[in-house]
Amino acid sequence: MRLPLILIISFLLLVLKTANSQQLNVKTYSFAEGLNTYNIKKSLQDKYGFIWLATQDGVYRFDGTSFEAYKKNEDVKNSLRENFIFDIALGNDENLYIASFNGGVDVINIRTQKVTHLLSQKKENEEGLPNLWITKVFCDTKNNLWIGAQDFLKIYSLNEQKFKDFQLPSNLNTDINVLFIRPVNENLIAVGINNYGVLFYDINSLTIQDSLIRLEGIQADNITVNDLAVINDSCYISSGSNIFSGAINNRRWVMERKITIPAISNNVINCLAAGKDNALWLGTNSGIGKLELIKTQFSPIVNNEFLNADNFITDLFLDRENGLWISSLKNLIRINLAVSPFTAYTKSKDGNTRMNHIYSLIPVSKTQLFACGTDGLYLSDLITGDINKIKGTAALGIIHCVLKMDDDTWLVSSADGMYVYQQAIGVLSKDLLLKLYPEWKPFISHFFNKTVKSGDKIYWANEGQGGLLIWQPEKHMITQKKAGSAFSGGLPENHIHNLKFDRDGFIWILFDNAVAKFDPSLDSTIQIINYKRNQGGFNSGIFFDMYDDDSVLWFGTYGGGINGYNKKTGEWKYITEQDGLCNNAVYGILPEKDSVFWVSTNNGISRVNYVTKKCLNYFVEDGLQDNSFDETGALAFENRLFFAGVNGFTSVDLDNYYNTSYPFPVYIKRLEYIRQDKKVVLNDLEWKKIKLPAGTSSATIWLSALSYTSSRPRFSYLIKGFQDEYLPAGEKNKIELNALNHGNYEIDIRYLNEQGEFVEGQVGIDIEILPFWYQTWWFRLLVLLFSLLAVFFVVRLIYISRLRKQRAVLERQLAVQLERQRISSEMHDDIGAGLSGIKLLTEMTKGKVKDETAGAEIEKIYQSVGDISAKMKEVIWSLNTENDQLSSLISYIQRQARLWLEHYPCELTVTIPDEIPDLELNGESRRNIFLAIKEAVHNIIKHSGADKVNIEITCKENLKISVSDNGKGIQPGDTSDMGNGLKNMQQRMQNLNGKFFLQNNDNGLTLLFEIPYKQAV
């Protein structure tokens, strides 16, 4: 018996070694990750891709980024009735069925998250459950809900909404304690019962097709089957620490074989999960393992950081991305079963040596690397994964870089200066360095972060302010190129980050604010490209790495992403976070093939196609040592890429690299909005156009990209009509909309898919914020109509008021006109007739009187009566409303002027316009104009001595009347005779708001009258 035992132990040690050497991509979830509970009972994945968890503190939904809890809440009507959840099951529709302790069966709609209560404990006259100690639920293809408990089994038809009759074994003498309910195929259901085995039910008839109550002759009352899994045509069950396989023939179990696993002989297999490639995953009361069925080889998964040996496993589940979800009493764990090209080197096999921040990596052999860290120099074995710290290096502080001189001699650059390390004898010494290379004495206390060889020269980059050292070991000579000195070699700066060769053999020196092309044959700079902020060229300064693809020099910048400089044209290209790069702080650039290179950043690494700008991003959950890397820590070696970071270094195996990403669905999972300082939450997964109530001031859209291999989906959004470019949604995958007004917001969302391509147009939402009643179109229309009516009524009132005033004015004017007409008629008829009679009597008397004196007096009376009669005719003319026309005035002036000058020896010329405006002039205006002209003509008769008189009337912008003569004009001393006349004319024009001009010249005198129409009318 001793030999088999030794063989078994040796086999197990080999298996354990193999399992431990295979790096697992493991992610654990607990309180730190937002899963605010432990004791996870079960996990499953719905049709949308969300992971649902049954826990002792409610139901949780996980989208790869955040957890959402559904619990008992007394303030919410449709919340869960209890928080301790034993089991969950997906239905054929969109419902998740929940079995809780003392809470019956509740339902969550997986699309809307609406909670309803389905089954409760039986009441007197109502159907219900015998008790509420429910442990298992399952929904079959016929939409029957199977409910298992501590002491009963029930089947409830979801279609008929009633319990159904089904067969129970006649020899079952105790209450049924259901351990599992599993589908065997589309027509057969397996129910595991404590101390009774397994019952196989036909879904259609709900009758028992077979009972598995005996295994290898064990009596029925000793059988306990904990779980069942189906792989291909075989059905596997666990009992104790053993696995039994069987075939289902004619709906009956046929035993095939028993699988004993010595490594877990002291454990109980609690749960099973069918894996790919004929693998069966086992969950025990002390961890998990993988059983390869063809080889019957068991591999326990040992990982002290994530999987503790005392962790009780309650459930195993494989998702669509080939991830194994492990529910346990302590936490939730996911293992990515897909082969990873990434290996993280962080600590030694025994865990005693752990690397801290690593700055650079240097090959030692085909299987070993030196890792230069903050606390010493490490030797890493790439095959075994073992890590050892070089003795004595911890005291040197930061190890910046090492240089191999021969198979046993290395130069070490540290914070404490330069050392020689001889690996065979373990010597680390400054004195030995000076003995071997005395030329180092002036620089023995310096430190350098990068070194490269070109011919017989070795170039050292000083990260302080020492510039560039050029060492020729065979000549034992060191020269220093330092900016600002006589031997600068054209260097623009002295703080050097890296030295990189291009394909032409030139060295590119990377500084803070510039990059310089250095010719090793001349030991001089031949080109400098400066960083000029906001002036084109580099996006940012501080340059860490460079790669030459033969036409473009790609520079890694700190904050500006990857900047490409075309060597021939000088044109620039950029690859940044906007193009999908995981971070804009770029440390290392390593080529893969063709048009692809890898870059390490401050937040993950990216595989970049620099032609298409397609970026595939990877993070710590994909197997990296950490998300943060460091400068000069990029190394291409043996078809593997190595990137140093803050927690060791990461290897990318290009031989095994292939895209293991799975296409993931993207959803808008939740919408929250604020209205009157109250937050309202809406849940759905199939959004269309949604209407939000009036007064909504802000809204938050929560997004989910259901990828569990990488939890870094990249979202951006565009509000059509408001933005021209997509804006990032942020790390929390949410879009916040603030200061909202009523109206429509059409939001298009794009995301970076598993191929590194931006997908647009597949996800979006149209939000309509309803207006208040006073903001609606119909209210505005009513206001407009009311305003128009109000304006109409106001205008009408004003019009009526004005009309009344105009009517009153017209009535007064008509009364005045009538009165004037009456006075004119009476004066003409009465006074005119009387004056005519007096004039006639005077003329008759004048002929009869012989006395010359009396005759002269009578002649005076006759003339006075004539003058009075003429003046009266003028008054009658001005009063007569029939003459209130401009044309009548002009005609009257023309006629009277000829009468005035009838007996005066002169040549009279009267010029009037061809067209006279049809304007009305009141009697007062006509009289003032007429009398002014009359005064002017009479002055000509009395004083001018002229033989030519010209009267010209024009009717354009104003009424203009000029009276001119060729007389003597107004001579000095004559104004006394004409003073009153001129004053009268001036006064009459002022009464009309008109103007009076007098022009005296050698050719006579001209009087000009300008009367505005608006004053005369």
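Glutamate 68 and lysine 669 are both buried in this predicted model. The two residues form a salt bridge, with 3.7 Å between the closest N and O atoms. Glutamate 68 belongs to strand β5 (residues 67-70) and lysine 669 to strand β57 (residues 666-675), so the bridge ties together parts that are 601 residues apart in sequence.

Glutamate 68 also meets arginine 670 in a salt bridge, at 2.5 Å from N to O. This pair again links distant parts of the chain, with glutamate 68 in strand β5 and arginine 670 in strand β57, 602 residues apart. Glutamate 68 and arginine 670 are both buried. These contacts belong to a network of salt bridges that links Arg61, Asp63, Glu68, Lys669, Arg670 and Glu672.

The structure holds 31 salt bridges. Another of them joins the side chains of aspartate 319 and arginine 334, at 3.1 Å from N to O. Aspartate 319 lies in the loop between β26 (313-318) and β27, while arginine 334 lies in strand β28 (residues 332-336). The two are 15 residues apart, and the pair is counted as linking distant parts of the chain. Both partners, aspartate 319 and arginine 334, are buried. Side chains of opposite charge can pair when their charged atoms come close.

Aromatic pairs were counted next. A pair of aromatic rings is described by the distance of the centres and the angle of the planes. The count comes to 60 aromatic pairs. One of them is formed by tyrosine 29 and phenylalanine 62, with 4.9 Å from centre to centre and 65° between the planes. The angle is over 60 degrees, so the pair counts as edge-to-face. Tyrosine 29 is in strand β1 (residues 25-29) and phenylalanine 62 in strand β4 (residues 58-62). The pair links distant parts of the chain, 33 residues apart. Tyrosine 29 has a relative accessibility of 6% and counts as buried. Phenylalanine 62 is buried too, with a relative accessible area of 1%.

Tyrosine 29 has a further ring partner, tryptophan 325. The ring centres of tyrosine 29 and tryptophan 325 are 5.9 Å apart and their planes are at 15°, so this pair is stacked. Tryptophan 325 lies in strand β27 (residues 323-328) and tyrosine 29 in strand β1, so the pair ties together parts that are 296 residues apart in sequence. Tryptophan 325 counts as buried, because its relative accessibility is 0%.

Ring pairs also build a cluster. Its members are Trp508, Phe538, Phe543, Phe555, Tyr565, Trp572 and Tyr574.

Confidence was examined last. The mean pLDDT of the chain is 87. Of its residues, 89% reach 70 or more. Over residues 1-21, however, the pLDDT is below 50. Beyond near neighbours in sequence, this stretch has 13 contacts in the model. Where pLDDT is low, the predicted coordinates should not be read in detail.

Technical notes
Residues are numbered from 1 along each chain as its sequence is written. This is a predicted model: local features need pLDDT of at least 70, side-chain atom pairs count only at pLDDT 80 or more; totals for chains, interfaces and linings use all residues. Side-chain values use heavy atoms; hydrogens and water are left out. Rings of Phe, Tyr and Trp (its six-membered ring) pair if their centres lie within 6.5 Å; planes under 30 degrees apart count as stacked, over 60 as edge-to-face and the rest as tilted. Helices (H or I, at least four residues) and strands (E, at least two) are DSSP runs, numbered from the N terminus. Buried means under 20% relative accessible area, exposed over 50%, partly exposed in between (1.4 Å probe, protein chains only). pLDDT is the predictor's confidence in each residue, from 0 to 100. Contact means heavy atoms within 4.5 Å. A salt bridge is a side-chain nitrogen of Lys or Arg within 4 Å of a carboxyl oxygen of Asp or Glu.
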